[in-house]
Amino acid sequence: MRLNGEISSGEDEEEKQTGTTTFSAQKVVVGYALTSKKKKSFLQPSFTGLARNKGIYFVAVDLKKPLPEQGPFDIILHKLSGEEWHEIIEDYRQKHPEVTVLDPPDAIQHLHNRQSMLQDVVDLNLSDCHGKVAIPRQLVFTKEKDPSSIPYEVTKAGMKLPLVAKPLVVDGTAKSHELFLAYDEFSLSELEPPLVLQEFVNHGGVLFKIYIVGETIKVVRRFSLPNISKRELSKVAGVFRFPRVSCAAASADDADLDPNIAEHPPRPLLERLARELRHRLGLHLFNIDMIREYGTKDVFYVIDINYFPGYGKMPDYEHVFTDFLLSLMQSKYKKKLTT
Ligand SMILES: Nc1ncnc2c1ncn2[C@@H]1O[C@H](COP(=O)(O)OP(=O)(O)OP(=O)(O)O)[C@@H](O)[C@H]1O
Ligand SMILES: O=P(O)(O)O[C@H]1[C@H](O)[C@H](O)[C@H](OP(=O)(O)O)[C@@H](OP(=O)(O)O)[C@@H]1O
Ligand SMILES: [Mg+2]
Ligand SMILES: [Mg+2]
């Protein structure tokens with residue numbers, strides 16, 4: 001927020017009444033460093049227009065120019081891969097504590113590996129919170145691993161078939177979203193490490209995408225892979241690549257489904273889970289893919305966590321984000337008053 005006319009904008013000035021604090025807000029400048037695909041899906045005119053009406057302006061970061069020479073920014077939103085950007089934004093964050101960088105690159109990096117991304121869920125204890133949240137059993141195979149040893153390792157670990165094979169690293173490439181279903185352990189030697197093998201959990205073909213934007217939680221339902229029966233498992237062998245399921249086109253929000261499968265996870269459970277993960281991961285912007293074990297009411301598994309996901313498909317994202325950005329400025333302003 002540009003206070004005291006750092007950016008002159010007399011006519012944009014408006015009074016905001018929030019709780020007991022009244023503050024004068026002028027322009028909020030949000031720098032963004034996003035891929036062109038992300039820019040298109042996130043910075044939709046419906047969002048930027050609403051934001052502008054509230055004094056929020058989006059400015060593209062010019063990657064060809066030094067970041068400290070740009071701005072001034074109040075907030076920076078970013079999702080770019082590569083070590084070079086990581087270093088630039090980390091250095092900037094340390095030298096410019098007055099700018100809210102969403103989010104710290106090291107915290108984002110934690111989600112770029114399918115083993116570390118789920119570690120914080122394992123450490124949680126939500127047992128008294130209307131349900132149980134776990135992760136499927138999984139085994140990691142690094143790139144040094146000889147693929148021919150995978151069947152033995154899987155059997156030794158007592159992993160239950162079928163298994164989902166996922167690339168270990170998630171780096172925004174299509175390849176990192178190439179997933180396989182393995183029906184027998186011998187065929188696993190066809191796969192190329194580095195990868196994670198995760199037990200497939202029957203969940204009635206419905207997945208919950210839980211979007212987090214600061215303290216706001218929005219849940220949508222998506223179609224997913226159907227249950228795999230013991231009979232099917234005994235008849236099929238091999239590893240099969242499966243297409244990108246549970247994408248936005250697979251919305252199950254309006255489908256007429258069995259309520260035992262489709263009922264959203266309990267709100268108190270989601271609130272605890274989101275709050276804990278926000279703190280433990282040190283992130284404001286992410287989503288969680290969660291499934292309910294088929295035949296249970298309250299046994300859930302987190303199978304994936306994504307940084308800065310496709311918010312453009314989240315219901316009411318324009319208002320949620322506008323309010324979130326303003327709330328960041330408000331807390332910064334309150335903090336400034338008390339220091
Ligand atoms: N352990 C599992 N048990 C059952 N189904 C699973 C499991 N893991 C993944 N799936 C199915 O595969 C889909 C893709 O898996 P996952 O979300 O891990 O991949 P992703 O490439 O990271 O996806 P995203 O596009 O959300 O980043 C899920 O939406 C779900 O339908
Ligand atoms: O179903 P969601 O919204 O989780 O799918 C996301 C996907 O997980 C990735 O986060 C994509 O973002 P990038 O990694 O930046 O490509 C999203 O694409 P977007 O262009 O719509 O933001 C997917 O929607
Ligand atoms: Mg997913
Ligand atoms: Mg993912």
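A polar contact here is a pair of N or O atoms within 3.5 Å; within protein, one must be able to donate a hydrogen and the other to accept it, and residues adjacent in sequence count only if both atoms are side-chain atoms. Keep that in mind for the notes below.

1. Some housekeeping. This is a predicted model, where local features need pLDDT of at least 70 and side-chain atom pairs count only at pLDDT 80 or more, while totals for chains, interfaces and linings use all residues. Residues are numbered from 1 along each chain as its sequence is written, chains are lettered from A and ligands numbered from 1 in the order in which they are written, and side-chain values use heavy atoms, with hydrogens and water left out.

2. Start with ligand 2. One of its oxygen atoms sits 3.0 Å from an N or O atom in the side chain of Lys-79. On its own, ligand 2 exposes 500 Å², and the protein buries 85% of that (areas by the Shrake-Rupley method with a 1.4 Å probe).

3. Who stands around ligand 2? There are 13 residues, and the closest are Lys-37, Lys-38, Arg-222, Asn-287 and Lys-313 (a residue counts if one of its heavy atoms lies within 4 Å). Helix 1 (36-42) gives the most to this shell, with three residues. Helices are DSSP runs (H or I) of at least four residues and strands (E) of at least two, numbered from the N terminus.

4. Now ligand 1. Its shell holds 24 residues, with Lys-166, His-177, Ser-224, Arg-244 and Asn-306 as the closest. A nitrogen of ligand 1 is 2.9 Å from a side-chain N or O atom of Gln-198.

5. Which strand gives the most to the shell around ligand 1? Strand 16 (299-307) does, with three residues.
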